[in-house]
Amino acid sequence: MDAQVQNAIEVAFDARADQTLKSQAFDFLNQLRSEPQGWQICFSLAMRDPRATEVVRHVSLDIVNNAIKTGQLGDQDFEFVRDNILAYVRNIYGGAQNNNAQYDSITIQNKITQTMTNLFTALYATQWTSFFHDILGLTATAGSGTRDNAAGVMLYLRILVSVHDEIADVLVPRSSEEQRRDNDLKDLVRQRDKAMIASSWHEILAQWRSKDDRIVELCLTAIGSWVAWTEISLVVNDSLLNLLFQYLDIQHISDGNIQINQRREAAIEAFINILSKKMSASDKLELVEFLKVNEAVSQLVESRELSELRNTAIYDTDLAENVAKLVNNTVSDVVKALDSSKDNDPTSRRGISLLGTFLPHLLRFLSDEYDEICSTVIPSLTDLLTLMRKKAKSNSIVASEISPMLPIILEVVIAKMKYDETSYWGHDDTQTDEAEFQELRGRLHNLQKVIAEVDESMYIEKIRNIVVSTFDKLQRQNGQLDWRELELAMHELDLFGDIAYKKHGLYSKTKPVTPAAEQLIGMMSKLVKTGVASFSHPAIQLQYMVICERYHAFFEANPQLITPVLENFVRFTHHDHIKVRLRSWYLFYKFVKHVRLYVEDIAETAIQALSDLLPIRAELSEEPVEDDNDDPSSSESGQSANARFESQLYLYEAIGCICSARAIPPEKQAMLIRSIVNPLFADLEAHLGPAKNNDTRAILQVHHLIKALGTLAQGFSDGMPKNPSTAAPAPPDNISEEFAQVAEAVLVALEQLRSSLDIREASRSAFARLVAPVGSRILPQLPRWIDGLLAETSTKDEMAMLLNPLVQVVFRFKSEIYDVLNTLLAPLLQRVFAGIAEPVTGTDDEIQHVELKREYLNFLLRILDNGLESVLVSESNQPIFATVVSTIEHFAKDVNDFQTAKSAFTVLRSMVVAWGGPDLESPSSTSTNANMVSSKPQPKLHGFDSFMMTTFSPVCWAIPSNSNFDPKDAQGQLVLAEAAVLQKAIYAKTGQTYLTYLREMELSGMGMDTGTIEEYLNALYNFDTKGFQRFFQVRLTSLDDQGSRLK
């Protein structure tokens, strides 16, 4: 059997073996793992002499370890494995002079270590209480009395580290049972062996500190890991500190010595691990001082690697990052101690002193040119600033003691915001570096925000001085300034808005709302007057546009400055650098949208200046984008044709905004619109023929032209007067006529290419955007729009997205749309019914199906709520009314889609309000007799009172009577609330008739007893709507708790 297992392992891990044989071998080994005797064969293979191959021993030990961890071994089995593996390691690694012993490879040693660790967790509590004493015996040669056996010492330390990782590593997830086991084991170790183990470390360090760095480093690793959960006083003493400082002292070592670097890293890691020990605040600060952490950090910071070589190519960034980690952890500990201490107590005074000591170290690494090193200390600086904010709010003495640190911290944070001297901006090969730097800037910005909260006046003054002094310097030097310096000032000006806009604006009745707003206004004036826009670097020009757009309120209050700024924007839209050019199109649109009221004088000039950017050239994905500029920096490589077109649409929207400026006479508005759309009409006409012949590029060109026309209309409609509570006023006739021609052009294209999904998508978007500027002239076109947009192949998603703009049409033209709506409603809803009835296939289709149902219900609701309910029951639409009601009923009963069910109940209630007639006389406030209501229902539709009771009312019970319904579900409760509102609405229209119907027909038919029925009717009669909603929800929940289920 041994040979069979050995052969299977060798085949399974032989890269040259036949794949079928490898598969069989793996199956055999997997089966072996679960067989009771499988581990015994493998243990024999791992321990035998002569040794099996490396892979055989490795896999065999892995199977043994699996058997131990999965509980396959009994007590005798454990004794067998323990005795034999202990005999093996004593023979190979023990202190007896066995000249024939051959050490295992590191891989096998690690596997043996893992086996010993698994045995420890299984046996230490009861069967192997001498575990640590036995493995410690490996460290001494026979009769020596010292820890002089190197091989045994290494194995001993490896096992200690492995035991820690198994039972105490906080990063390893554990079940509650495992956590209890590990806690028990740690308690036992502390009771039995902590002193012996701690003593062994000192003995090992004394023996090997000047002989074998590998042993010392591993011993320091063991100490650092174990100290977190054992008695620190047994470990940390002057001897250990002397060793650590000896390892940190590297001045006499040549650069790049790997062995010395490892010694140094081990010492730093030991400091970090020792400091991670949980203890009280006062004890932690005492530990920081006892360990002389400041001296250690100072020694490292002043070392040649971190001082003389800091700005050279051989700067030791790994060392710097390790020291930064030590500083970060130390400062975090000091901050936590201060946070938990009281003012002026010894801990507080000691903490403030330590902060003053470590702040220079913290700022030194924060200012490091390498962002990874800077990022290492940001967590502790965040903790420190958060503490300052907390203490400042409570007027703590601590705040006054540490507040002088704040300006220094802010200066370093701002300096770190600057691009370093080796940085380039906008190059394709620096995109990753740029992204990482911007992420760092975001973290630094968070620090600045906390600083501003702690001392806003100081923050305002610092930022103002940096921005204004930089602008002044730019002027003095006639524009000759390092772009990085100017970019930093611009960036800080951009961020300054976070505090300047805290009151949600800059001005209140033409006056600055806050001191920060006042300073921002001054800096913006300086920005415009200094001529920053003339600076040649693209990063500055882009930042200029970002800032002007963000602080548009400044320009609205100073309209005389808008024209020169707009001229700069127009210039940047033609920029050589592709990133600036495309981004400027979006920023130009955003800025124009805000200041459109003041662009009358420059409107025509701006549109003419942009005209060369407006021609559209659709590009298929495989076609390269041609660039007419020879400058490589403006290459559009990496910019897809579609992305460029999407940016180009912002120009069309911006031009629409400009044209809509109210100060421009309608005649001139129409002329400007005509100058833009006529070239598009000609282009559209030229491409329709090829597009009908399935020319792919021509179809894409038509798509782009339709999108451009729709986007132009969107920009114009954004500037039209709006009143959210009423329909918008009609546009002037000449404007409506121009956009009606746009709508006609899009319709012609749609009708000829309606089989194209892309054309339908673009046309639907254009339709939604044309409604406002075309006005009522779009109503006669509605049947053509619907016919074009709902092709035979239209998806549920397309139907849903068409219903949404139709809702807006209903709202906008509710007094004019009746005749058109009466004509198109039946065919439109027939298409919707067909879409809803289609089987659902897949997750995406299910999402579209749900969306179609909701848009359909919303469409019906808007018809009802806008006084157009008669169109649903007109002679033309009577044939589909029953289907309309049945679909609503069906949706209201759906326990799998509560949101749709809730909307369905809302529609039913609107029908009751629309056709149920006037509310009947309410009972007097003093009456308790429901029979007093005697008025008869007066529905607007003959028989609708009975229809409400017999058709709508039973729907209210459909969901709660469903066995899959949980009345305690939050979404389900909302549906019940809507069902209750529907019942109150029916009662308001039918009064006593409804109560009688419920008593004699509906409720008794559901199996309710007389007492429950009367309780229910009294609640319906006496409670207001909110009260009855609550009653209905609670009553159904109580029925469910009692085990009753409505029939």
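This report covers salt bridges, aromatic pairs, a charged patch and some backbone features of a predicted model.

The model is predicted, so to speak of local features requires pLDDT of at least 70, side-chain atom pairs count only at pLDDT 80 or more, and totals for chains, interfaces and linings use all residues. Residues are numbered from 1 along each chain as its sequence is written, and side-chain values use heavy atoms, with hydrogens and water left out.

## Salt bridges

A salt bridge is counted when a side-chain nitrogen of Lys or Arg lies within 4 Å of a carboxyl oxygen of Asp or Glu. By this rule there are 50 salt bridges. Three of them are set out here.

| Pair | Closest N to O |
|---|---|
| R190 and D187 | 2.6 Å |
| E798 and R764 | 3.8 Å |

Helices are DSSP runs of H or I with at least four residues, strands are E runs of at least two, and both are numbered from the N terminus. Burial has its own scale: buried means under 20% relative accessible area, exposed means over 50%, and partly exposed is in between, with a 1.4 Å probe and protein chains only.

R190 and D187 both sit in helix α9 (residues 176-192). They are three residues apart, so about one helical turn separates them. R190 is partly exposed at 27% relative accessibility. D187 is partly exposed too, at 34%.

E289 has 38% relative accessibility and counts as partly exposed. R350 is partly exposed at 30%.

Are E798 and R764 buried or exposed? Both are buried. Their salt bridge has its closest N and O atoms 3.8 Å apart. The pair links distant parts of the chain, 34 residues apart: E798 is in helix α37 (residues 796-812) and R764 in helix α35 (residues 757-774).

Some salt bridges share partners. In this way K69, E166, R174, R181 and D182 are joined into one network.

## Aromatic pairs

Rings of Phe, Tyr and Trp (its six-membered ring) pair if their centres lie within 6.5 Å; planes under 30 degrees apart count as stacked, over 60 as edge-to-face and the rest as tilted. The whole structure holds 44 aromatic pairs.

One of these pairs is F881 and W915. The ring centres are 5.6 Å apart and the planes stand at 80 degrees, so the pair is edge-to-face. F881 belongs to helix α40 (residues 878-892) and W915 to helix α41 (residues 898-915), and the pair links distant parts of the chain, 34 residues apart. Both F881 and W915 are buried.

F1023 and F1031 also pair edge-to-face, because their ring centres are 6.1 Å apart and their planes are at 65 degrees. F1023 is partly exposed, with a relative accessible area of 36%. F1031, by contrast, is buried at 13%.

Ring pairs also build a cluster. It links F120, Y124, W128, F131, F132, W201, W226 and W229.

## A negative patch

Which residues gather in a patch of negative charge on the surface? They are E265, E269, D318, E321, E372, D433, E436 and E439. A patch is made of residues with over 30% relative accessible area and no salt bridge; like charges are joined within 9 Å, and nonpolar side chains (Val, Leu, Ile, Met, Phe, Trp, Tyr) within 5 Å.

Helices α13 (258-275), α16 (317-340) and α21 (431-454) each give two or more residues to the negative patch. The largest share, three residues, comes from α21. D318 is found in helix α16. D318 is partly exposed at 49% relative accessibility.

## Backbone features

A cis peptide bond joins D49 and P50, with omega at about 10 degrees. P50 is in the loop between α3 (38-47) and α4 (54-69).

K292 is not a glycine, yet it has a positive phi of about 55 degrees. K292 lies in the loop between α14 (281-290) and α15 (293-301). Its relative accessible area is 41%, so K292 is partly exposed.

N344 is not a glycine either, and has a positive phi of about 65 degrees. N344 is in the loop between α16 and α17 (346-366).

Note on methods: Areas by Shrake-Rupley, 256 points an atom, 1.4 Å probe, with all protein chains shown as cover. Lys, Arg positive; Asp, Glu negative; His and termini not counted. Charge placed at Lys NZ, Arg CZ, Asp CG, Glu CD.
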